[in-house]
Every structure is written in structure tokens, then in C-alpha cells.
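Hi everyone, thanks for coming. Let me put the structure up on the screen, and then we can walk through some of its parts together.

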Amino acid sequence: MAIDRRRALGVTESIRQQRRELLEMSLQQARNFSEVKREMPDAPAPQPQNIKEELKMGLPHLVIVGADKGGVGKTVVARSVLDYFKAQGVDARAIDTQQPDGNLKRFHPAVTEVIDLSSSDGQIKVFDSLPASPVTVIDIQAGLLTPTLTLLSEIGVLAMVADGKMNVTTMHVIGSTVQSLSEIEGAAKILTGSRHFIVKNHTNDAAFFAGLEGVSTDALKAGTALIEIPKLDERATEYVEAAATSFADYAKNGSSFTMRGKVGHWEKGVFAQYDAAKLHIAA
């Protein structure tokens, strides 16, 4: 009995010793790790992604072209945007909100539908069907930009951008007045988290914000990108208007060789602006 008790005590002591050695080894490893960690430079903190500047591939892309102020050439921009996506090989549908006949539909009848976006029925028809088309371009009637952006926020479309479920780009066409500056600030507050392109459409020779350079510079910084649409020759504009066709189609098939060249050269410059702003990414 005494011998068995001594053997048992010896085994117990041996186990205790092993446990102490293991504990000391663990503590030493922890100390070594701490020393190495202190000598290593801190890893840079991950930078938050600016989702305003990036499009996610494979998601429906909603492009809003508009302004609260009239007479700034919104439809010209929308027409060039449709030509741009077609040149990229992307099927885009267009929504013309100009009631009752629409102006965009006159130049792109095959892909354009005239819809009253101020009505709930019209809103359902447009926004419930966004997933059905790779790109939806909406030419917003003058005065409806802010109400439309507010609606997108209320129904959750802008939240879907933050969740990575939708691409939204607003092409905010501005004029050369102080009113346009105030529009930019208001739209930027609504569009936090989605892309907000400020578009200067040089439809005439007016100087943008003459005498307001400092104020306008600060306002323009509220957008994700600044796009400058050069002025198209007035005679070339008249020829395209009379033909009631797209800029791209006139550049290929227009009645005047000279005007075809002018329109094609102009739209090439516009496309370069869209490329620089990353209006589209290849799938």
C-alpha cells in the first residue's frame, strides 16, 4: 500500500512538473511575440472606399440627367449619353419625362418611353423595372431634379447604392447663374454616397459664373466629377435637329459631309469627357 501511494504521488508530481513547463513555455512564447510585435511597424489602417467614385460590375445602372433650372441643355446631354452607351455596346433604355410629347423620344424613339415621373403610377413603371435593363437613362424635366432625387432617397434606391445593389449616377447639368450654384449644394446633400457629376454644357458662349470664381469653385467641389460639354457648331445643331435623329446616326448618315464631320468630332470630344469621368465600366 505504501509503495503504491509513493508511486501515485510520483506520477502526480511528474504531471504537475510537465504542466508547469508547458505554462512557462507558453508565457515565453507570448513574451517573444509581444517583443516582435513592438518592433514591427503598425499596419496601415484600411481606407474606406469612396463608393461615389466607383461602379460595381453587373448591377443595374440608373443615370439621372437633369437640373431644376430650365434652358441648360439637359436633353442634349441625355442624347449624347445614350449614344455613348450604345458605342460601348450597352443596351440602354431611356425615360423622357417631358410632358406631353417629349423631346428625347424624337431623337431616340426606339429606346425611349415618355412617362410622367411626378405620378405614382409613372414612378412604379420606371423604378420597379430598373433590374430589367443594364442602363436606364432618365431625362428629367426642368424643376423635377430635386423632387426626383428626394424620391430616390425615400424609396431606398440611394440606400441600395451603399449596400452594393445598384449603381446610380446623377448628371447635374448646370447653367451660368447663381441659382445653379445653390442647386449643386442641395443635390449633393441628397446624393451623399452616390455619384454626382456636375455637367457644364456650353450650348452658348456665356461665361460660367463670371465674377463668382471663388464661390463657384467651392460649389463644384461638391460633385464627384466635373464634365465639360463643348459647344456644337450652331449650323451642325440645326442639321441634326432637322434630321430628328441621334448625333451618332447623323455623324454616319447625315445629308452634309461637312456637318457629319463636325458632329462626329464634337461627340468624340464628349465621349472623352465621359471616359475620363468613368461614366461606364466594362462588364
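Let's begin where two helices touch. On one side, in H2, we have Val76, Val77, Ser80, Val81, Asp83, Tyr84 and Ala87, and they meet Trp266, Glu267, Val270, Phe271, Tyr274 and Asp275 in H11. Sorted by class, the contact of H2 with H11 has nine nonpolar residues, one polar and three charged. Before I go further, please keep in mind that this is a predicted model.

How do the axes of these two helices cross? Helix H2 covers residues 74-87 and helix H11 covers residues 257-277, and their axes come within 10 Å and cross at roughly 80 degrees. That angle makes H2 roughly perpendicular to H11.

While we are in H2, have a look at threonine 75, which has its place in that helix. Is threonine 75 buried or exposed? Its relative accessible area is 16%, and buried means under 20%, so threonine 75 counts as buried. Leaving aside residues up to four places away in sequence, threonine 75 touches Asn103, Leu104 and Asp139. With aspartate 139 there is a polar contact of 2.7 Å between the side chains.

What is the order of the strands? This is an open sheet of seven strands, in the order E3-E2-E4-E1-E5-E6-E7, and the pairing is parallel. At the edges sit strand E3 (112-114) and strand E7 (225-229), each of which pairs on one side only. From one strand to the next, the twist averages 20 degrees.

And here H11 comes back into the story. H11 packs on the sheet and touches E5, strand E6 (195-201) and E7. The direction of H11 makes about 180 degrees with that of E7.

Strand E2, residues 92-96, pairs with E3 in the parallel sense over three bridges. In that pairing, aspartate 96 stands opposite valine 114 in E3.

Further along is strand E1, residues 61-66. Six of its six residues are buried, so E1 is largely enclosed by the rest of the structure. If you follow the side chains, His61, Val63 and Val65 point one way from E1, while Leu62, Ile64 and Gly66 point the other way, and all are buried.

From E5 we step to E6. E5 and E6 pair in the parallel sense over six bridges, with methionine 171 standing opposite phenylalanine 197 in E6. How many of the residues of E6 are buried? Seven of its seven residues are, so to speak, mostly covered. Both faces of E6 are covered: Arg195, Phe197, Val199 and Asn201 lie on one side, His196, Ile198 and Lys200 on the other, and all are buried.

Valine 199 stands opposite isoleucine 227 in E7.

Finally, let's visit helix H9, residues 234-243. At its start, a side-chain oxygen of aspartate 233 reaches to within 3.0 Å of the backbone nitrogen of arginine 235. After H9 comes alanine 244, whose phi is positive, near 50 degrees.

H9 is also a partner of H11. The two helices pack at an angle of about 100 degrees, with their axes 9 Å apart. H9 and H11 are therefore roughly perpendicular to each other. In this contact, Arg235, Ala236, Tyr239 and Val240 in H9 meet Met259, Lys262 and Val263 in H11. By class, that gives five nonpolar, no polar and two charged residues.

Terms used:
Residues numbered from 1 in each chain as written. Predicted model: local features only at pLDDT ≥ 70, side-chain atom pairs only at ≥ 80, totals over all residues. Heavy atoms only, no water. Axes fitted to C-alpha atoms, helices over the stretch in contact; angles between N-to-C directions. Helix = DSSP H or I, 4+ residues; strand = E, 2+ residues; numbered from the N terminus. Parallel < 35°, antiparallel > 145°, perpendicular 65-115°, else oblique. Contact = heavy atoms within 4.5 Å. Nonpolar A, V, L, I, M, F, W, Y, C, P; charged D, E, K, R; others polar. Buried < 20%, exposed > 50% of the residue type's maximum accessible area, 1.4 Å probe, protein only. Polar contact = N/O pair within 3.5 Å; in protein donor to acceptor, adjacent residues only side chain to side chain. Pairing = 2+ DSSP bridges.
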